[in-house]
Amino acid sequence: MDYDVKDDGMTEQTLPSTGREWHLAARPQGWPVPEDFALVEAPVQAPAAGQILVRNEYLSVDPYMRGRMNDVKSYVPPFRLGAVMDGGAVGRVVASAAEGFAVGDAVLHGLGWREYATLDADKAIRVDDALPLQSYLGVLGMTGLTAYAGLLEVGGFQPGEAVFVSGAAGAVGSMVGQIAKLRGASLVVGSAGSDEKVRMLTEELGFDVAFNYRNGPVAEQLAKAAPEGIDVYFDNVGGEHLEAAIGALRLKGRAVLCGAIAQYNDTTPPVGPRNLALAIGKRLRLEGMLVGDHYALQPAFVAEVGGWMAEGRLVFEETVVEGFDRTVEAFLGLLRGANTGKMLVRVDG
């Protein structure tokens, strides 16, 4: 079988025989710890017909990965014990046995948590490397589409409405607030976990008001930030934030249930919002979302958000952890709110 040859002369025969990958070593009880993961040296598989071999450059770590560490039925299968984990990644093709993919092509795919990934070519997407590769894991990838579809399609946002975003300094939340402002929101309020992040929301990302949820009850701070109430709540946190938002939502308000990171590491069942009955009289709509249901919006999303990026009207925040061996460190930091914007790992850092 013929393989493409790299500019430096590397062929299939001279590719590294092994590469590192992260395995799930134990299912966490509560908060994950480093011992729940194992760094393993594994064989690098040469691509078979219709496959490509990718050297990953950036890896995505995301809150949903915490749920996959539990052995429970969900919308995605759990990670298997003793096996490599996966997630979003971007990298470059180093060997190809597939039409349409050449050595050096930049691609987006779902086999992260490893240095090298061998995969079917139809599971990879070629991307334009004129833009920073990591942007396809964030602002122009699943993160950005989640914010765009959640606010506009699930939340039904309309110009002139007031929006509240929890976890607003995170990857999705920071984009939701900016999209709302660019689409004509009358008020955008965000919550974050530090005073530094609060300043970033208002001074850099254009939020009208932001507050530190650690400084007092969320309901009280939200009432002060939006005394006339809100129309749309984008929920990345759950718990106390969701209860506060239900209280603040106006007649026929909408809550987009995207994540509940405040509860991912609980060892006991969470208490539901105590004021849920308010949804009846207010005729509220609380709707969960998965980004996979909204891929039809991808062309419109890329056109509009890409335009804002080109015009310098949208700020994309990211936290990059340098080095593949620090992937677990990045993931655990994400769960504790150590990131501003998208949390990424640069493999060769």
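Predicted model: local features only at pLDDT ≥ 70, side-chain atom pairs only at ≥ 80, totals over all residues.
Local features need pLDDT of at least 70 and side-chain atom pairs count only at pLDDT 80 or more, while totals for chains, interfaces and linings use all residues. Numbering starts from 1 along each chain as its sequence is written, and side-chain values use heavy atoms, with hydrogens and water left out.

Let's begin with the overall picture. The chain holds nine helices and 15 strands; helices (H or I, at least four residues) and strands (E, at least two) are DSSP runs, numbered from the N terminus. The radius of gyration, taken over C-alpha atoms, is 21 Å, close to the 20 Å that the globule rule gives for 349 residues, so the chain is as compact as a globular protein of that length. That rule is 2.2 Å times the number of residues to the power 0.38. Along its principal axes, the C-alpha trace spans about 65 × 45 × 35 Å.

How much of the chain is buried? Buried residues make up 50% of the 349, where buried means under 20% relative accessible area, exposed over 50%, and partly exposed in between (1.4 Å probe, protein chains only). As for contacts (heavy atoms within 4.5 Å), take those between residues at least 6 apart in sequence: 69% of them join residues at least 24 apart.

Now zoom in on helix 5, which runs over residues 218-225 and has V218, Q221, L222 and A225 buried. Seen down the helix axis, these buried residues fall within an arc of 100 degrees, so they line one face of helix 5. The arc is that of the directions from the axis to the C-beta atoms. What do the buried residues pack against? Their partners are strand 8 (162-165), strand 9 (187-192), strand 10 (209-212) and helix 6 (239-248). On the face turned away from the buried side sit the exposed residues E220 and K224.

Two loop residues are worth a visit. D36 lies between strand 1 (18-24) and strand 2 (37-43), and at 8% relative accessibility it counts as buried. Leaving aside residues up to four places away in sequence, D36 touches H23, L24, A25, A26, P28 and M69. Its C-alpha atom is 41 Å from that of A303, 267 residues apart along the chain.

N275 sits in the loop between strand 12 (249-257) and helix 7 (278-282). N275 is buried too, with a relative accessible area of 17%. Not counting residues up to four places away in sequence, N275 touches E243, I246 and G247.
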